[in-house]
Amino acid sequence: MKKFLVLLLSFILTLCLCLAGCEEISGTTSSGSSSGTSSDGSGGDVPESAYTVTLALPNETDKMPDLTGVQARWSDSTSSYTADFDSNGLAYYDGLDGEYIVTIVGSVEGYTYDPNGYTAYGTESGRNVVIDLLEILDFSGSSGDGSGLYGNSLQANETGAYRIEFTYSGQFVYFNLLPVQTGYNYTIYTYVSVVDNEACPSVTVYTNSNQGVSGGYANGKVTLSNPNITFTATASGTYTKNFAITKGYNNTSTSSGFCFAFGITTVDGDYSEPVYLDIYITQGGVYDNSASPYDKVEVEDYNSNYIAPTGTITWVSDLYKDFSYCDVNYHDDDGYWYITYNGTEYLLFVELASCHYGIDVGYNFYGDGRWQACGDQNLSYVNVIMAYYSTATTDHMHPVTNQLQEFLYYRAYSISPGPLFFDGSGVLEKTPYELATDDSHGWLFACGFYMG
(Lines give C-alpha, C1' and ligand atoms only; values in the text may rest on other atoms or scores of the structure.)
Protein backbone atom coordinates (compact mmCIF):
# COMPACT_ATOMS: atom_id res chain seq x y z
CA MET A 1 0.00 0.00 0.00
CA LYS A 2 2.78 2.42 0.84
CA LYS A 3 4.44 1.60 -2.46
CA PHE A 4 1.21 2.44 -4.28
CA LEU A 5 0.87 5.80 -2.46
CA VAL A 6 4.45 6.70 -3.33
CA LEU A 7 3.80 5.97 -7.01
CA LEU A 8 0.55 7.97 -6.92
CA LEU A 9 2.20 11.01 -5.32
CA SER A 10 5.04 10.82 -7.84
CA PHE A 11 2.53 10.82 -10.71
CA ILE A 12 0.64 13.83 -9.31
CA LEU A 13 3.89 15.78 -8.80
CA THR A 14 5.02 15.01 -12.35
CA LEU A 15 1.65 16.12 -13.73
CA CYS A 16 1.83 19.42 -11.83
CA LEU A 17 5.28 20.14 -13.18
CA CYS A 18 4.12 19.47 -16.74
CA LEU A 19 1.12 21.76 -16.39
CA ALA A 20 3.33 24.52 -15.01
CA GLY A 21 5.36 24.43 -18.21
CA CYS A 22 2.31 24.94 -20.50
CA GLU A 23 0.61 28.21 -21.39
CA GLU A 24 -2.28 29.56 -23.45
CA ILE A 25 -1.13 31.73 -26.31
CA SER A 26 -3.33 34.06 -28.38
CA GLY A 27 -6.37 31.83 -28.40
CA THR A 28 -4.47 28.58 -28.96
CA THR A 29 -2.99 26.12 -26.46
CA SER A 30 0.66 25.41 -27.18
CA SER A 31 3.59 24.09 -25.23
CA GLY A 32 6.77 26.07 -25.10
CA SER A 33 8.87 28.35 -22.94
CA SER A 34 7.71 31.84 -22.05
CA SER A 35 9.84 34.86 -22.86
CA GLY A 36 11.50 34.82 -19.48
CA THR A 37 11.99 38.60 -19.36
CA SER A 38 12.99 39.63 -15.87
CA SER A 39 11.15 42.19 -13.75
CA ASP A 40 14.09 44.58 -13.81
CA GLY A 41 13.88 44.83 -17.61
CA SER A 42 17.28 43.29 -18.19
CA GLY A 43 15.83 40.50 -20.32
CA GLY A 44 17.83 37.85 -18.51
CA ASP A 45 19.84 35.25 -20.40
CA VAL A 46 18.35 34.74 -23.87
CA PRO A 47 18.65 31.13 -25.09
CA GLU A 48 20.51 30.74 -28.38
CA SER A 49 17.53 28.90 -29.86
CA ALA A 50 15.05 31.69 -29.00
CA TYR A 51 13.32 33.96 -31.52
CA THR A 52 13.99 37.58 -30.58
CA VAL A 53 12.51 40.97 -31.46
CA THR A 54 14.38 44.20 -30.77
CA LEU A 55 12.85 47.66 -31.11
CA ALA A 56 15.14 50.22 -32.77
CA LEU A 57 14.63 53.91 -32.11
CA PRO A 58 15.06 56.56 -34.82
CA ASN A 59 18.42 58.26 -35.13
CA GLU A 60 19.25 60.82 -32.46
CA THR A 61 16.72 59.23 -30.07
CA ASP A 62 18.09 57.22 -27.16
CA LYS A 63 15.24 57.01 -24.64
CA MET A 64 12.95 54.03 -25.11
CA PRO A 65 9.28 54.90 -24.47
CA ASP A 66 7.21 53.10 -21.85
CA LEU A 67 6.60 49.56 -23.10
CA THR A 68 4.26 48.41 -20.35
CA GLY A 69 1.70 46.05 -21.87
CA VAL A 70 3.44 46.05 -25.28
CA GLN A 71 4.29 42.62 -26.70
CA ALA A 72 6.05 41.03 -29.65
CA ARG A 73 3.95 38.58 -31.62
CA TRP A 74 5.02 35.73 -33.93
CA SER A 75 2.16 34.54 -36.18
CA ASP A 76 1.81 31.76 -38.72
CA SER A 77 -1.28 30.39 -40.45
CA THR A 78 -2.53 28.57 -37.36
CA SER A 79 -1.09 30.12 -34.19
CA SER A 80 0.23 33.26 -32.54
CA TYR A 81 2.85 33.49 -29.79
CA THR A 82 3.44 36.58 -27.68
CA ALA A 83 6.11 37.81 -25.30
CA ASP A 84 6.48 41.03 -23.31
CA PHE A 85 9.10 43.60 -24.23
CA ASP A 86 11.50 44.56 -21.49
CA SER A 87 12.31 48.22 -20.81
CA ASN A 88 15.16 48.11 -23.33
CA GLY A 89 12.89 46.98 -26.18
CA LEU A 90 13.79 43.27 -26.24
CA ALA A 91 11.37 40.34 -26.32
CA TYR A 92 12.04 36.68 -27.02
CA TYR A 93 10.27 33.36 -27.21
CA ASP A 94 11.96 29.99 -26.99
CA GLY A 95 10.60 26.80 -28.50
CA LEU A 96 9.47 28.15 -31.89
CA ASP A 97 10.37 26.67 -35.25
CA GLY A 98 9.59 27.74 -38.81
CA GLU A 99 8.53 31.04 -40.41
CA TYR A 100 6.45 33.73 -38.70
CA ILE A 101 5.16 37.23 -39.41
CA VAL A 102 6.40 39.49 -36.63
CA THR A 103 4.17 42.27 -35.31
CA ILE A 104 3.68 44.37 -32.19
CA VAL A 105 0.67 43.96 -29.90
CA GLY A 106 -0.31 47.20 -28.23
CA SER A 107 0.74 50.76 -29.00
CA VAL A 108 4.15 52.33 -28.55
CA GLU A 109 3.27 55.92 -27.68
CA GLY A 110 4.49 58.41 -30.26
CA TYR A 111 5.69 55.75 -32.70
CA THR A 112 4.48 53.45 -35.45
CA TYR A 113 6.11 50.83 -37.69
CA ASP A 114 5.46 48.77 -40.81
CA PRO A 115 3.23 45.97 -39.45
CA ASN A 116 3.70 43.91 -42.61
CA GLY A 117 7.42 44.33 -43.09
CA TYR A 118 9.01 41.80 -40.74
CA THR A 119 9.36 38.02 -40.92
CA ALA A 120 11.29 35.59 -38.72
CA TYR A 121 12.85 32.36 -39.98
CA GLY A 122 14.28 29.26 -38.35
CA THR A 123 17.87 30.05 -39.34
CA GLU A 124 20.30 31.50 -36.82
CA SER A 125 20.21 34.98 -38.36
CA GLY A 126 16.51 34.80 -39.30
CA ARG A 127 15.34 34.26 -35.73
CA ASN A 128 16.51 37.73 -34.65
CA VAL A 129 14.31 40.55 -35.96
CA VAL A 130 14.87 44.29 -35.50
CA ILE A 131 11.76 46.48 -35.88
CA ASP A 132 12.42 50.11 -36.79
CA LEU A 133 10.17 52.44 -34.84
CA LEU A 134 9.01 55.48 -36.82
CA GLU A 135 8.22 58.71 -35.00
CA ILE A 136 4.67 59.92 -35.65
CA LEU A 137 4.94 63.48 -36.97
CA ASP A 138 2.50 66.31 -36.37
CA PHE A 139 0.57 67.74 -39.29
CA SER A 140 1.41 71.25 -40.43
CA GLY A 141 0.46 73.97 -37.98
CA SER A 142 -1.53 75.76 -40.68
CA SER A 143 -3.54 72.69 -41.60
CA GLY A 144 -7.25 72.27 -41.01
CA ASP A 145 -9.11 69.57 -39.16
CA GLY A 146 -9.35 67.19 -42.10
CA SER A 147 -13.08 67.75 -42.60
CA GLY A 148 -12.88 69.01 -46.18
CA LEU A 149 -10.83 69.72 -49.30
CA TYR A 150 -7.73 71.91 -49.40
CA GLY A 151 -8.38 74.61 -46.81
CA ASN A 152 -9.79 72.17 -44.25
CA SER A 153 -7.47 69.30 -45.06
CA LEU A 154 -4.70 68.00 -42.86
CA GLN A 155 -1.36 68.99 -44.36
CA ALA A 156 2.08 67.40 -44.37
CA ASN A 157 5.22 69.17 -45.57
CA GLU A 158 7.86 66.50 -45.01
CA THR A 159 8.44 62.78 -45.35
CA GLY A 160 7.81 60.44 -42.44
CA ALA A 161 4.96 58.78 -40.56
CA TYR A 162 1.58 60.34 -39.78
CA ARG A 163 -1.50 59.08 -37.94
CA ILE A 164 -5.07 59.79 -39.06
CA GLU A 165 -7.95 59.29 -36.62
CA PHE A 166 -11.45 58.06 -37.52
CA THR A 167 -14.35 58.27 -35.08
CA TYR A 168 -17.35 57.05 -37.08
CA SER A 169 -18.24 54.70 -39.91
CA GLY A 170 -18.12 56.22 -43.39
CA GLN A 171 -15.86 59.09 -42.32
CA PHE A 172 -13.33 60.46 -44.81
CA VAL A 173 -10.39 62.54 -43.62
CA TYR A 174 -8.88 64.94 -46.16
CA PHE A 175 -5.13 65.05 -46.37
CA ASN A 176 -2.93 67.28 -48.53
CA LEU A 177 0.76 66.58 -49.15
CA LEU A 178 2.59 69.83 -49.87
CA PRO A 179 6.30 68.93 -49.72
CA VAL A 180 8.91 71.55 -48.97
CA GLN A 181 11.21 69.94 -51.54
CA THR A 182 9.41 69.90 -54.86
CA GLY A 183 10.67 68.34 -58.05
CA TYR A 184 10.55 64.78 -56.67
CA ASN A 185 8.24 61.77 -56.68
CA TYR A 186 6.58 61.03 -53.34
CA THR A 187 4.90 57.79 -52.24
CA ILE A 188 2.29 57.43 -49.50
CA TYR A 189 2.05 53.94 -47.95
CA THR A 190 -0.81 52.72 -45.75
CA TYR A 191 0.22 50.71 -42.70
CA VAL A 192 -2.60 48.36 -41.64
CA SER A 193 -1.78 44.95 -40.16
CA VAL A 194 -2.78 41.97 -42.30
CA VAL A 195 -2.30 39.73 -39.27
CA ASP A 196 -5.05 41.58 -37.39
CA ASN A 197 -7.05 41.70 -40.67
CA GLU A 198 -9.65 43.94 -39.02
CA ALA A 199 -9.54 47.15 -41.06
CA CYS A 200 -9.27 48.18 -44.71
CA PRO A 201 -8.18 51.63 -45.95
CA SER A 202 -9.53 53.42 -49.02
CA VAL A 203 -8.77 56.70 -50.76
CA THR A 204 -10.28 59.22 -53.15
CA VAL A 205 -7.92 61.58 -54.98
CA TYR A 206 -9.15 65.09 -55.73
CA THR A 207 -7.57 67.23 -58.46
CA ASN A 208 -7.50 70.99 -58.61
CA SER A 209 -10.82 70.86 -60.48
CA ASN A 210 -12.34 68.97 -57.52
CA GLN A 211 -12.84 65.81 -59.53
CA GLY A 212 -12.59 62.78 -57.28
CA VAL A 213 -11.09 59.49 -58.42
CA SER A 214 -11.56 56.58 -56.04
CA GLY A 215 -9.08 53.80 -55.51
CA GLY A 216 -10.47 50.27 -55.60
CA TYR A 217 -9.59 46.66 -56.31
CA ALA A 218 -10.25 44.84 -59.58
CA ASN A 219 -9.22 41.23 -60.23
CA GLY A 220 -6.98 41.30 -57.17
CA LYS A 221 -5.07 44.36 -58.40
CA VAL A 222 -5.54 47.80 -56.98
CA THR A 223 -6.30 50.44 -59.61
CA LEU A 224 -6.68 54.18 -59.82
CA SER A 225 -7.85 55.67 -63.09
CA ASN A 226 -5.69 58.77 -63.09
CA PRO A 227 -2.66 59.13 -65.38
CA ASN A 228 -0.83 61.44 -62.99
CA ILE A 229 -0.79 59.04 -60.05
CA THR A 230 0.49 55.49 -59.63
CA PHE A 231 -1.66 53.38 -57.31
CA THR A 232 -0.16 50.04 -56.26
CA ALA A 233 -1.42 47.15 -54.12
CA THR A 234 0.84 46.30 -51.18
CA ALA A 235 0.35 43.89 -48.24
CA SER A 236 -3.11 42.30 -48.28
CA GLY A 237 -5.12 39.90 -46.16
CA THR A 238 -8.58 38.44 -46.69
CA TYR A 239 -10.08 41.76 -45.49
CA THR A 240 -7.20 44.21 -45.11
CA LYS A 241 -5.81 45.57 -48.39
CA ASN A 242 -3.01 48.11 -48.18
CA PHE A 243 -1.85 50.31 -51.05
CA ALA A 244 0.77 52.87 -52.04
CA ILE A 245 0.16 56.10 -53.97
CA THR A 246 2.98 57.75 -55.95
CA LYS A 247 2.68 61.34 -57.18
CA GLY A 248 5.22 63.70 -58.69
CA TYR A 249 5.38 67.23 -57.27
CA ASN A 250 6.97 69.78 -59.56
CA ASN A 251 6.16 73.08 -57.87
CA THR A 252 3.93 74.59 -55.22
CA SER A 253 0.95 75.13 -57.49
CA THR A 254 1.12 71.56 -58.78
CA SER A 255 1.46 70.21 -55.26
CA SER A 256 -1.60 71.99 -53.91
CA GLY A 257 -3.67 70.65 -56.80
CA PHE A 258 -4.09 67.20 -55.22
CA CYS A 259 -5.81 66.19 -52.02
CA PHE A 260 -6.20 62.64 -50.68
CA ALA A 261 -9.42 61.71 -48.87
CA PHE A 262 -8.63 58.67 -46.75
CA GLY A 263 -11.24 56.36 -45.27
CA ILE A 264 -11.15 53.13 -43.31
CA THR A 265 -13.68 50.38 -42.65
CA THR A 266 -13.63 47.77 -39.91
CA VAL A 267 -14.83 44.18 -39.88
CA ASP A 268 -17.27 44.73 -37.03
CA GLY A 269 -18.09 48.38 -37.80
CA ASP A 270 -17.17 49.33 -34.24
CA TYR A 271 -15.96 52.92 -33.80
CA SER A 272 -16.73 53.20 -30.08
CA GLU A 273 -12.99 53.71 -29.75
CA PRO A 274 -11.10 55.73 -32.42
CA VAL A 275 -9.78 53.76 -35.37
CA TYR A 276 -6.37 54.87 -36.65
CA LEU A 277 -4.74 54.77 -40.05
CA ASP A 278 -0.97 55.20 -40.09
CA ILE A 279 0.59 56.38 -43.34
CA TYR A 280 4.24 56.66 -44.28
CA ILE A 281 5.57 59.13 -46.87
CA THR A 282 8.84 58.64 -48.72
CA GLN A 283 10.69 60.72 -51.29
CA GLY A 284 11.68 59.02 -54.54
CA GLY A 285 13.51 60.01 -57.69
CA VAL A 286 13.54 63.35 -59.44
CA TYR A 287 10.21 64.25 -61.00
CA ASP A 288 10.31 65.77 -64.48
CA ASN A 289 6.90 67.01 -65.61
CA SER A 290 8.03 67.07 -69.24
CA ALA A 291 9.03 63.41 -69.21
CA SER A 292 6.81 60.37 -69.44
CA PRO A 293 7.23 56.65 -70.09
CA TYR A 294 6.03 57.37 -73.62
CA ASP A 295 8.64 59.94 -74.65
CA LYS A 296 10.40 57.12 -76.50
CA VAL A 297 8.23 54.27 -77.68
CA GLU A 298 9.77 51.17 -79.18
CA VAL A 299 7.23 48.94 -80.87
CA GLU A 300 7.85 45.25 -80.21
CA ASP A 301 8.46 42.88 -83.11
CA TYR A 302 5.28 40.92 -82.45
CA ASN A 303 3.17 44.01 -83.08
CA SER A 304 3.51 43.41 -86.81
CA ASN A 305 2.78 39.68 -86.56
CA TYR A 306 -0.93 39.73 -87.36
CA ILE A 307 -3.07 39.07 -90.40
CA ALA A 308 -4.26 42.31 -91.95
CA PRO A 309 -8.06 42.35 -91.74
CA THR A 310 -10.38 42.50 -94.72
CA GLY A 311 -13.94 43.66 -94.96
CA THR A 312 -15.73 46.27 -92.88
CA ILE A 313 -14.98 46.99 -89.24
CA THR A 314 -17.76 46.72 -86.66
CA TRP A 315 -17.42 49.29 -83.89
CA VAL A 316 -17.97 48.08 -80.36
CA SER A 317 -20.09 51.16 -79.68
CA ASP A 318 -22.47 50.16 -82.51
CA LEU A 319 -23.17 46.87 -80.74
CA TYR A 320 -23.03 47.90 -77.08
CA LYS A 321 -24.19 51.15 -75.58
CA ASP A 322 -23.12 49.87 -72.18
CA PHE A 323 -19.52 48.66 -72.43
CA SER A 324 -19.66 46.92 -69.05
CA TYR A 325 -21.36 43.98 -70.79
CA CYS A 326 -18.43 43.45 -73.16
CA ASP A 327 -16.43 40.24 -72.72
CA VAL A 328 -12.81 41.14 -73.49
CA ASN A 329 -9.64 39.16 -72.84
CA TYR A 330 -5.89 39.59 -73.22
CA HIS A 331 -3.89 36.79 -74.87
CA ASP A 332 -0.37 36.24 -73.58
CA ASP A 333 0.61 34.15 -76.58
CA ASP A 334 0.35 36.97 -79.13
CA GLY A 335 0.09 40.08 -76.91
CA TYR A 336 -3.29 41.29 -78.17
CA TRP A 337 -6.77 41.98 -76.78
CA TYR A 338 -9.83 40.09 -78.03
CA ILE A 339 -13.60 40.49 -77.72
CA THR A 340 -16.17 37.68 -77.65
CA TYR A 341 -19.35 38.46 -79.58
CA ASN A 342 -22.16 35.93 -80.12
CA GLY A 343 -19.87 33.14 -78.95
CA THR A 344 -17.02 33.96 -81.33
CA GLU A 345 -13.75 35.64 -80.34
CA TYR A 346 -12.44 38.47 -82.51
CA LEU A 347 -9.19 40.45 -82.51
CA LEU A 348 -9.75 44.04 -81.36
CA PHE A 349 -8.44 46.94 -83.45
CA VAL A 350 -8.04 50.62 -82.66
CA GLU A 351 -8.27 53.42 -85.22
CA LEU A 352 -5.09 55.47 -84.89
CA ALA A 353 -6.14 58.21 -87.30
CA SER A 354 -9.01 59.63 -85.26
CA CYS A 355 -9.75 57.34 -82.31
CA HIS A 356 -13.14 56.67 -84.00
CA TYR A 357 -14.84 59.52 -82.14
CA GLY A 358 -13.27 62.64 -83.62
CA ILE A 359 -14.57 64.88 -80.87
CA ASP A 360 -13.40 68.47 -81.08
CA VAL A 361 -12.29 69.41 -77.60
CA GLY A 362 -9.92 72.20 -78.53
CA TYR A 363 -7.04 70.19 -79.93
CA ASN A 364 -5.53 70.85 -83.33
CA PHE A 365 -5.13 68.47 -86.25
CA TYR A 366 -1.73 67.36 -87.40
CA GLY A 367 -0.92 67.96 -91.06
CA ASP A 368 -1.15 64.26 -91.89
CA GLY A 369 -4.62 63.91 -90.40
CA ARG A 370 -3.73 62.41 -87.02
CA TRP A 371 -5.95 63.76 -84.30
CA GLN A 372 -3.93 65.28 -81.49
CA ALA A 373 -6.60 64.54 -78.89
CA CYS A 374 -5.68 60.86 -79.20
CA GLY A 375 -2.53 61.71 -77.27
CA ASP A 376 -2.53 63.57 -73.98
CA GLN A 377 0.35 66.04 -74.27
CA ASN A 378 1.22 65.69 -70.58
CA LEU A 379 1.90 61.98 -71.02
CA SER A 380 3.27 62.11 -74.58
CA TYR A 381 0.68 59.59 -75.73
CA VAL A 382 0.93 61.09 -79.20
CA ASN A 383 4.32 59.33 -79.38
CA VAL A 384 2.48 56.04 -78.94
CA ILE A 385 0.32 56.83 -81.97
CA MET A 386 3.33 57.80 -84.08
CA ALA A 387 5.21 54.62 -83.11
CA TYR A 388 2.32 52.27 -83.85
CA TYR A 389 1.72 53.86 -87.22
CA SER A 390 4.75 51.90 -88.43
CA THR A 391 3.02 48.55 -87.81
CA ALA A 392 -0.58 49.58 -88.56
CA THR A 393 -2.60 48.68 -91.63
CA THR A 394 -2.89 51.05 -94.58
CA ASP A 395 -6.18 52.20 -93.02
CA HIS A 396 -4.29 53.11 -89.83
CA MET A 397 -5.89 50.24 -87.85
CA HIS A 398 -3.81 48.34 -85.30
CA PRO A 399 -4.51 45.38 -83.00
CA VAL A 400 -4.91 46.50 -79.39
CA THR A 401 -1.76 45.72 -77.37
CA ASN A 402 -1.41 46.27 -73.62
CA GLN A 403 0.31 49.58 -74.30
CA LEU A 404 -2.46 50.76 -76.60
CA GLN A 405 -5.11 49.55 -74.13
CA GLU A 406 -3.44 51.57 -71.36
CA PHE A 407 -3.22 54.62 -73.61
CA LEU A 408 -6.93 54.37 -74.49
CA TYR A 409 -7.88 53.79 -70.85
CA TYR A 410 -6.17 56.96 -69.66
CA ARG A 411 -7.42 58.90 -72.65
CA ALA A 412 -10.97 57.96 -71.70
CA TYR A 413 -10.51 58.95 -68.05
CA SER A 414 -7.93 61.71 -68.27
CA ILE A 415 -8.83 64.80 -66.28
CA SER A 416 -8.11 67.06 -69.25
CA PRO A 417 -9.67 67.55 -71.72
CA GLY A 418 -12.81 65.75 -70.71
CA PRO A 419 -12.95 63.21 -69.38
CA LEU A 420 -14.79 61.15 -71.95
CA PHE A 421 -16.43 59.10 -69.18
CA PHE A 422 -17.05 60.66 -65.78
CA ASP A 423 -20.06 59.58 -63.71
CA GLY A 424 -22.53 60.40 -66.46
CA SER A 425 -21.13 63.84 -67.24
CA GLY A 426 -18.37 62.83 -69.66
CA VAL A 427 -18.36 63.86 -73.31
CA LEU A 428 -19.24 60.39 -74.59
CA GLU A 429 -21.97 59.91 -72.00
CA LYS A 430 -24.02 62.81 -73.30
CA THR A 431 -26.10 63.35 -76.43
CA PRO A 432 -25.59 62.34 -79.20
CA TYR A 433 -23.32 59.47 -78.05
CA GLU A 434 -24.92 58.40 -74.77
CA LEU A 435 -22.48 55.57 -74.15
CA ALA A 436 -22.21 53.92 -70.73
CA THR A 437 -19.28 52.13 -69.16
CA ASP A 438 -17.70 51.02 -65.93
CA ASP A 439 -14.17 51.88 -64.80
CA SER A 440 -12.59 48.94 -66.59
CA HIS A 441 -14.19 49.12 -70.06
CA GLY A 442 -14.15 52.76 -71.12
CA TRP A 443 -11.17 52.22 -73.41
CA LEU A 444 -13.40 50.30 -75.83
CA PHE A 445 -14.84 53.59 -77.11
CA ALA A 446 -12.19 53.61 -79.88
CA CYS A 447 -12.18 49.89 -80.70
CA GLY A 448 -13.78 47.62 -83.25
CA PHE A 449 -13.35 44.22 -84.90
CA TYR A 450 -13.71 42.55 -88.28
CA MET A 451 -16.30 39.79 -88.69
CA GLY A 452 -15.76 37.03 -91.21
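**Close-up views of strand pairing**

**View 1. Strand β12 pairs with strand β14.** Strand β12 (residues 154–156) runs parallel to β14, and 3 bridges link the two. Ala156 sits opposite Leu177 of β14. The model is predicted: local features need pLDDT of at least 70, side-chain atom pairs count only at pLDDT 80 or more, and totals for chains, interfaces and linings use all residues. Residues are numbered from 1 along each chain as its sequence is written, and side-chain values use heavy atoms, without hydrogens and water. Strands (E, at least two residues) are DSSP runs, numbered from the N terminus. Two strands pair if DSSP finds at least two bridges between them.

**View 2. Strand β14 also pairs with strand β22.** Here the strands run antiparallel, with 4 bridges between β14 and β22 (residues 259–266). Phe172 faces Gly263 in β22. Of the 6 residues in β14 (172–177), 5 are buried (under 20% relative accessible area, 1.4 Å probe, protein chains only).

**View 3. Strands β25 and β26 form a hairpin.** β25 (residues 327–331) and β26 (residues 336–341) run antiparallel, joined by 5 bridges. His331 has Tyr336 of β26 as its bridge partner. Between the strands lie 4 residues. In the turn, Gly335 has a positive phi of about 80°.

**View 4. An open sheet holds 3 strands.** Their order is β6-β3-β10, with mixed pairing. β6 (90–93) and β10 (128–132) are the edge strands, each pairing on one side only. From one strand to the next, the twist averages 20° (axes are lines fitted to C-alpha atoms; angles run from 0 to 180 degrees between N-to-C directions). β3 (residues 51–56) pairs with β10 in the parallel sense over 5 bridges. Leu55 has Ile131 in β10 as its bridge partner.

Terms used
Buried means under 20% relative accessible area, exposed over 50%, partly exposed in between (1.4 Å probe, protein chains only).
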